[in-house]
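Please read them with the sequence and coordinates open.

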Amino acid sequence: PNLGVINLKDVVLVGIGAIGNGSIWALSNLTNLKGNIDLVDNEEASLSNLQRYVMFSEKDVNSVKVDLVVKEFMQKKLKVSPYKMTWAGYLKSRNNWNIETVAVAIDNKKDRIGIQSSLPKTIFNSYTESNLLGIARHHDFINSACLACGYIPSQKERNYINEVADNCNIPNLA
């Protein structure tokens with residue numbers, strides 16, 4: 001459909017895995033994009049995840065994900081900037097936490113909570129679970145639930161150190 005001009009004023013896509021690949025594919029095929037988008041991922045493409053990535057092939061294994069996808073964008077009025085780093089590294093290099101929109105395409109709650117803690121104006125969170133793909137929209141931190149709110153425990157959880165000890169069969173010495 002003719003969507004007209006789409007202005008990405010200040011958008012950051014975090015995570016160039018399965019969902020990030022699909023997002024890049026869709027965005028790179030919209031001819032009327034303009035503005036700025038930063039791509040943040042600190043990993044290289046791996047053979048073990050290749051079947052999940054629509055834009056990578058075996059020749060891309062061990063290549064930097066953000067460098068692989070940046071070349072997909074051909075829109076002349078769109079500035080695409082790759083950042084091979086973590087979210088914390090990106091914030092440090094950006095030196096400005098006034099972020100309009102973050103699209104979250106990562107798969108762990110610790111990093112999602114870290115993204116929320118930087119207080120972007122709008123967050124779009126994507127997720128996958130068994131037989132499920134979803135998007136949660138967080139338009140206004142002041143008046144609606146934030147990204148981290150989805151991770152407030154409803155029951156007592158074991159801490160990370162105890163989980164590791166259990167997984168490694170290390171007895172509880174307390």
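The points below go from the overall fold to charge pairs, backbone and surface.

1. Basis. This is a predicted model, in which local features need pLDDT of at least 70, side-chain atom pairs count only at pLDDT 80 or more, and totals for chains, interfaces and linings use all residues. Residues are numbered from 1 along each chain as its sequence is written, and side-chain values use heavy atoms, with hydrogens and water left out.

2. Fold. The chain has five helices and six strands, taken as DSSP runs numbered from the N terminus (helices: H or I, at least four residues; strands: E, at least two). Their order along the sequence is β-α-β-α-β-α-β-α-β-β-α. The C-alpha trace spans about 60 × 45 × 35 Å along its principal axes.

3. Of the 174 residues, 36% count as buried; buried means under 20% relative accessible area, exposed over 50%, and partly exposed in between (1.4 Å probe, protein chains only). Contact means heavy atoms within 4.5 Å. Among contacts with a separation of 6 or more, 59% come from residues 24 or more positions apart.

4. Ser-81. This residue lies in strand β3 (residues 78-83) and counts as buried at 11% relative accessibility. Neighbours within four places in sequence aside, Ser-81 is in contact with Ile-37, Asp-38 and Leu-39. Asp-38 is also part of a network of salt bridges with Asp-10 and Arg-94.

5. Asp-41 and Lys-65. A salt bridge is a side-chain nitrogen of Lys or Arg within 4 Å of a carboxyl oxygen of Asp or Glu, and the whole structure holds six. One of them joins Lys-65 and Asp-41 at 3.9 Å, N to O. Lys-65 lies in helix α2 and Asp-41 in the loop between β2 and α2, so the pair ties together parts that are 24 residues apart in sequence. Both residues are buried, Asp-41 at 8% relative accessibility. Beyond four places in sequence, the contacts of Asp-41 include Gly-15, Ile-16, Gly-17 and Tyr-83.

6. Other charge pairs. Asp-60 and Lys-59 meet in a salt bridge at 3.3 Å, N to O. Glu-100 and Lys-121 pair at 3.6 Å, N to O. That pair links the loop between α3 and β4, where Glu-100 sits, to the loop between α4 (109-117) and β5 (122-129), where Lys-121 sits, 21 residues apart. Glu-100 is partly exposed, at 22%.

7. Backbone. Most residues other than glycine have a negative phi. Asn-62 has a positive phi of about 75°; this residue is in the loop between β2 and α2 and is exposed at 56% relative accessibility. Asn-95 also has a positive phi, near 60°. Asn-95 is in the loop between α3 (87-94) and β4 (101-104) and is exposed at 69%.

8. Surface. Tyr-160, Ile-161 and Val-164 form a nonpolar surface patch with about 340 Å² of accessible area together. Patches are made of residues with over 30% relative accessible area and no salt bridge, with like charges joined within 9 Å and nonpolar side chains (Val, Leu, Ile, Met, Phe, Trp, Tyr) within 5 Å; areas come from the Shrake-Rupley method with a 1.4 Å probe, and for residues only the protein chains shown count as cover. Ile-161 belongs to helix α5 (residues 160-167) and is exposed at 62%.
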